[in-house]
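Here is a short briefing on one structure. Keep the model open while you read.

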Amino acid sequence: MSRREVLFEGLNEEEILALPPEEIEGLILIGEPLVFRVGSATVLGSFSTRDDKLLVELAQIEGGGEGVLIALASLARRYATLRGLSAVEWIVHAVSCAKPNLKLRRILELRGYVVEDLVGIGPAYHRIDQIDR
């Protein structure tokens, strides 16, 4: 059985990783909220670099079901590795949603995310993935 490719705004993982660094930094790693499509999901999140880490903050994921979080994790990890970053830090605001996605919560917990009260953010699922160099 072949794995179905998940596209990010119509681009595959390889195409995104091949973008010039200045384009990624100017359009994606801006630390501001972005609405984008991953597969069939619409995602509200932000991306930035801080303290030698790629920071991924996800506020909302609507739809999907084809492995959006796994696809994002793969892309983030590969990007951080290519750029020589030490880790990917994840902040997922799925703690107090009006309509909680129980499947997402279960996946987060199985993947080692823990609920922490983060300074300036409040309670959120949090995880830091160290990058082996």
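In strand 3, Ile61 is the bridge partner of Val43. The model is predicted: local features need pLDDT of at least 70, side-chain atom pairs count only at pLDDT 80 or more, and totals for chains, interfaces and linings use all residues. Residues are numbered from 1 along each chain as its sequence is written, and side-chain values use heavy atoms, with hydrogens and water left out.

- Strands (E, at least two residues) and helices (H or I, at least four) are DSSP runs, numbered from the N terminus.
- Two strands count as paired if DSSP finds at least two bridges between them.
- In a regular strand the side chains alternate between the two faces of the sheet.

**Strand pairs and hairpins**

- Strand 1 and strand 2 run antiparallel and are joined by 5 bridges.
- Val35 stands opposite Leu44 of strand 2.
- The hairpin of strand 1 and strand 2 has 2 residues between the strands. Gly39 sits in the turn with a positive phi of about 60 degrees.
- Strand 2 and strand 3 are also antiparallel, with 9 bridges.
- These two strands form a hairpin as well, with 2 residues between them. Here the turn residue Asp51 has a positive phi of about 50 degrees.
- Strand 5 pairs with strand 6 (residues 122–130) over 5 bridges, in the antiparallel sense.
- Glu116 has Ala124 in strand 6 as its bridge partner.

**Helix on the sheet**

**Salt bridges**

- The whole structure holds 5 salt bridges (a side-chain nitrogen of Lys or Arg within 4 Å of a carboxyl oxygen of Asp or Glu).
- Glu13 bridges to Arg78, with the closest N and O atoms 2.8 Å apart. Glu13 lies in helix 1 (residues 13–17) and Arg78 in helix 3, so the pair ties together parts that are 65 residues apart in sequence.
- Glu13, Glu14 and Arg78 are linked in a salt-bridge network.
- Glu89 and Arg50 meet in a salt bridge at 3.6 Å, N to O. Glu89 is in strand 4 and Arg50 in strand 2, 39 residues apart.
- Arg127 forms a salt bridge with Asp129, and the closest N and O atoms are 2.4 Å apart.

**Accessibility of the salt-bridge residues**

- Buried means under 20% relative accessible area, exposed over 50%, and partly exposed in between (1.4 Å probe, protein chains only).
- Glu13 is buried at 13%, whereas Arg78 is partly exposed at 32%.
- Glu89 is buried at 10%, whereas Arg50 is partly exposed at 41%.
- Asp129 is buried at 15%, whereas Arg127 is partly exposed at 24%.
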